[in-house]
Amino acid sequence: MKNKKRIVSIFGCLVILCLIYVGFLQFKINQYSHLEAPKNADYVIVLGARVKGSVPSLAFASRITAAAVYLKENSHTIVIASGGKGSGEDISEAETIKRELVKQGISENRIILEDRSTDTYENIEFSKKLIPSDAKIGLVVTNNFHLYRAISIARDRGLDVQGLPAKTPWKAVLKSYSREYLAITKFYLKRYILD
């Protein structure tokens with residue numbers, strides 16, 4: 001009987017700790033979800049996401065639209081379209097960004113392609129090499145749930161950027177946030193324990 005109570009107590013404590021941890025993660029995500037992007041950035045990096053054939057997923061399309069709106073309002077800002085070609089994708093994520101931005105009226109000569117990356121770490125690492133040497137103010141464009149981790153990774157790699165949050169479609173919220181909690185946990189493990 002004592003053992004059973006002890007197991008129930010331990011399990012209860014673990015559940016409470018998990019809930020506190022998820023609450024902390026949500027707080028960090030929320031801190032970055034409503035950032036106000038500065039005007040006249042020198043560059044924006046649009047992070048890739050899933051493409052179905054050559055069509056961006058809903059969340060990805062939201063990133064591209066947010067970038068297009070900003071680029072129309074800030075005509076001297078260049079864009080680095082970042083993302084390689086994954087399985088089930090007919091074209092790279094970078095090419096998808098370029099095509100969709102052009103459809104929304106952004107000139108091709110403002111778009112630089114980074115089409116080798118396979119995750120957020122590589123998005124940042126490879127895009128960093130394409131930033132013009134005289135550029136000072138940069139933005140990362142991604143969905144609001146992803147912005148905290150993306151900016152944290154960029155700053156860890158010596159890239160001082162700010163964020164431009166794109167809305168996350170309601171259909172994608174549950175899946176996106178669940179995956180992001182795990183991805184942030186992996187980021188913390190890499191940053192504080194494994195390195």
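Predicted model: local features only at pLDDT ≥ 70, side-chain atom pairs only at ≥ 80, totals over all residues.
Local features were taken only where pLDDT is at least 70 and side-chain atom pairs only at pLDDT 80 or more, whereas totals for chains, interfaces and linings use all residues. Residues are numbered from 1 along each chain as its sequence is written, and side-chain values use heavy atoms, with hydrogens and water left out.

Helices (H or I, at least four residues) and strands (E, at least two) are DSSP runs numbered from the N terminus. Two strands are taken as paired if DSSP finds at least two bridges between them. Strand E6 (residues 138-143) runs parallel to strand E1 (residues 43-47), to which four bridges join it. In this pairing Tyr43 stands opposite Gly138 of E6. E6 also pairs with E7 in the parallel sense, over five bridges, and here Leu139 is set opposite Gln162 of E7. Burial is given by relative accessible area, with buried meaning under 20%, exposed over 50% and partly exposed in between (1.4 Å probe, protein chains only). Six of the six residues of E6 are buried, so the strand is largely enclosed by the rest of the structure.

The loop between helix H1 (2-33) and E1 contains Asn40. The phi angle of Asn40 is near 55°, a positive value in a residue other than glycine. Asn40 has a relative accessibility of 54% and counts as exposed.

Helix H4 spans residues 120-128, and its buried residues are Thr120, Tyr121, Asn123, Ile124, Phe126 and Ser127. At the start of H4, the backbone nitrogen of Tyr121 has a side-chain oxygen of Asp119 within 3.2 Å.

Pockets were located on a 1 Å grid over the protein atoms alone, a pocket being an open set of points with protein on both sides within 12 Å along at least five of seven lines; lining residues have an atom within 4 Å of a point. Grid points are joined across faces, edges and corners, and a volume is the space filled by probe spheres set on the points. For the largest pocket, the volume is about 1000 Å³. Its lining comprises 35 residues, and Gly48, Ala49, Arg50, Arg63 and Arg179 lie nearest its centre. Two or more lining residues of the largest pocket come from each of strand E2 (51-52), helix H2 (58-73), H4 and helix H6 (173-194). H6 gives the most, with eight residues. For composition, Ala, Val, Leu, Ile, Met, Phe, Trp, Tyr, Cys and Pro count as nonpolar, Asp, Glu, Lys and Arg as charged, and the others, Gly among them, as polar. On this scheme the lining of the largest pocket has 14 charged, 12 polar and nine nonpolar residues.

The second largest pocket holds about 320 Å³ of space. It is lined by 18 residues, with Ala37, Val69, Tyr70, Leu164 and Pro165 nearest its centre. H2 and strand E7 (162-166) each supply at least two residues of this lining, and H2 gives the most, with five. The lining of the second largest pocket divides into nine nonpolar, five polar and four charged residues.

Side chains of opposite charge can pair when their charged atoms come close. A salt bridge is defined here as a side-chain nitrogen of Lys or Arg within 4 Å of a carboxyl oxygen of Asp or Glu, and the structure holds seven salt bridges. One of them joins Lys103 to Glu100, at 3.2 Å from N to O. Lys103 and Glu100 are three residues apart in helix H3 (residues 93-103) and are therefore separated by about one helical turn. Lys103 is exposed, at 66% relative accessibility, whereas Glu100 is buried, at 17%.

Arg155 forms a salt bridge with Asp160, with 3.8 Å between the closest N and O atoms. Arg155 is partly exposed, with a relative accessible area of 42%, and Asp160 is exposed, at 61%. A salt bridge is also formed by Asp156 and Arg191, whose closest N and O atoms are 3.0 Å apart. This pair links distant parts of the chain, with Asp156 in helix H5 (residues 147-156) and Arg191 in H6, 35 residues apart. Asp156 counts as partly exposed, at 37% relative accessibility, as does Arg191, at 30%.

Notes:
Polar contact = N/O pair within 3.5 Å; in protein donor to acceptor, adjacent residues only side chain to side chain. 1 Å grid on protein atoms, 1.4 Å probe; cavity = no way out; pocket = protein on both sides within 12 Å on 5 of 7 lines; lining within 4 Å.
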